[in-house]
Amino acid sequence: MFERTREKARRAEEILRGIQSPPAPQNLREFGLQRITARASRASGEKGERRYLRHPARMRRVVAVPLLALLLLTGGTSGLYAASANALPGSALYGSKIFFERARLAFTASPSSDAVLEMKYCERRVEELRGMLEPGDSRDWERWLREYRRNLSRAELLLETLPESESRDLFLGFESTLSEQAEFLEEVLAGAPEASRPILEEAYAECHGRMMRVRMRCGMEGENGCHGEGRQPSGDEGSGDPQRQGSPGGGGGAGIPYRLQGIRVLFPG
Amino acid sequence: MESLEELARRTADGDLEAFGAIYRALLDPLYRYFFWNLALREEAEDLTEEVFTRCLAHIGDYDPRKAPFRAWVFRIARNMLVDHLRKSARRERKDAARRDPGQPPVAEALEEEERRRAVREALRELPATQRQVVIMKYFSGMSNVEVAAALGKSEGAVNAIQHRALRKLGDILERRGWRE
């Protein structure tokens, strides 16, 4: 009797292990994360400011704002701010420059402004590269790459959290920035000194990889993206799903030259 | 590979890439949990997404000293399932006709769908806790420690429930004339 019960239990276990459990559907796999982050972002905005108390990242922001204000009040700080503006990785003032950049993010009013600022910082990193390639003191290439990656990653993630209506133009601007930077990095790589080459290769791969991802997300395909003939509408366009209508070809910027939809117009310089 | 607990900490710090990794790691287990507990696939999809949304909103509250992250997520999932079943209890009869429409009539897919339906119906005859243990363990790939933490029970208790569940499931399947 006992043996029989055990045998039945064993068979039941075999059946459970043998049955094919379906994986999550493609819809969830591809677009679920975007919907969730967008929804969470909207919900946190609606629930009021006190929610920052439960989120360490927001908490840091709350601490950073008064702290920075206090620092700015002291005369020396403003001098430091000005002096560090042109600092390059490897110099003593570079840490201060990055600090001021991050602190400035604490003053922005919305995630979209955060994203715009991060994109601007990406451009600043590339500007630094011009200075770093000139002969001079020792340069901290690793630090440069770390900061560049951080700016790229944060910019993209912030854009992902924005509602589709807000993020479309910003994604276009981001793609444009990435495209120019990839081009510039490619040029630089051709004549770069041996020591900096692996870092520049990594930077190029990072930039190019993100550019392709952003293009796919926006429904652009091919190396030419939206600048050339390679741009094509995505297969998802017109699918009826609002989450799938992120393509610039979806009609949002009809009649406006692509470049004018980008970040450079929104935030020149 | 980074642990789920580490990814949760990074997500709480505002790193959405870390949340992406959590999403990819837990999407299938969570979907399967709801798939085997509910009759409609659409409901399983909605609840899976809802669990991740809630998880992201409350991730700052997660304390790794209290439970493994997977268990914490499945506790949210279980609470949502209970709420959902309570709310939909009244609609149950109306929905019966719409239940599990199955795959297109391709012989193999149909057969597999039939097997799933039979197992799901057998699972429905199990007491709630036994059903949860079986689904979490065999379909969501959780360890006994994680199941125990998710259900608020000791590991020994989960072992015992699992054995009772398998014996009962064996009886049910035999009664229903299950053929492998």
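**View 1. Ala77(B) sits in helix 4 of chain B.** This is a predicted model, in which local features need pLDDT of at least 70, side-chain atom pairs count only at pLDDT 80 or more, and totals for chains, interfaces and linings use all residues. Residues are numbered from 1 along each chain as its sequence is written, while chains are lettered from A and ligands numbered from 1 in the order in which they are written. Helices (H or I, at least four residues) and strands (E, at least two) are DSSP runs, numbered from the N terminus. Is Ala77(B) buried or exposed? Ala77(B) is buried, because 27 other C-beta atoms lie within 10 Å. The term buried needs 20 or more other C-beta atoms within 10 Å of a residue's own; exposed means 12 or fewer, and partly exposed is in between, with C-beta atoms placed from the backbone. Leaving out residues up to four places away in sequence, Ala77(B) touches Leu30(B), Tyr33(B) and Val51(B). Contact here means C-beta atoms, placed from the backbone, within 7 Å. Thr48(B) is 29 residues from Ala77(B) along the chain, yet their C-alpha atoms are separated by 7.8 Å.

**View 2. Helix 4 of chain B crosses helix 8 of chain B.** Two packed helices are described by the angle between their axes and the distance between the axes. Helix 4 spans residues 69-88 and helix 8 spans residues 144-151 of chain B. Their axes come within 8 Å and cross at roughly 45°. Helix 4 of chain B is therefore oblique to helix 8 of chain B. Axes are lines fitted to C-alpha atoms, for helices over the stretch in contact, with angles from 0 to 180 degrees between N-to-C directions. Under 35 degrees counts as roughly parallel, over 145 as roughly antiparallel, 65 to 115 as roughly perpendicular, and the rest as oblique. Which residues of helix 4 and helix 8 of chain B make the contact? Helix 4 of chain B gives Arg70(B), Ala71(B), Phe74(B), Arg75(B) and Arg78(B). Helix 8 of chain B gives Glu146(B), Ala149(B) and Ala150(B). By class, this contact has four nonpolar, no polar and four charged residues. Ala, Val, Leu, Ile, Met, Phe, Trp, Tyr, Cys and Pro count as nonpolar, Asp, Glu, Lys and Arg as charged, and the others, Gly among them, as polar.

**View 3. Helix 9 of chain B covers residues 155-175.** Helix 9 of chain B has 21 residues. From first C-alpha to last, helix 9 of chain B reaches 30 Å, close to the 30 Å expected at 1.5 Å a residue. The expected span is 1.5 Å times one less than the number of residues. Buried residues in helix 9 of chain B include Val158(B), Ile161(B), Ala165(B), Leu169(B) and Ile172(B). Gln162(B) and Lys168(B) are also buried. Just after helix 9 of chain B, Gly177(B) takes a positive phi of about 70°.

**View 4. Chain A meets chain B.** Here 34 residues of chain A are in contact with 38 residues of chain B. Helix 2 of chain A gives the largest share of chain A's side, 10 residues. That side divides into 17 nonpolar, eight polar and nine charged residues. Chain A has 10 helices and zero strands. Chain B has nine helices and zero strands. Buried residues make up 29% of the 269 residues in chain A. In chain B, buried residues make up 39% of 180.

Terms used: Two residues are in contact if their C-beta atoms, placed from the backbone, lie within 7 Å.
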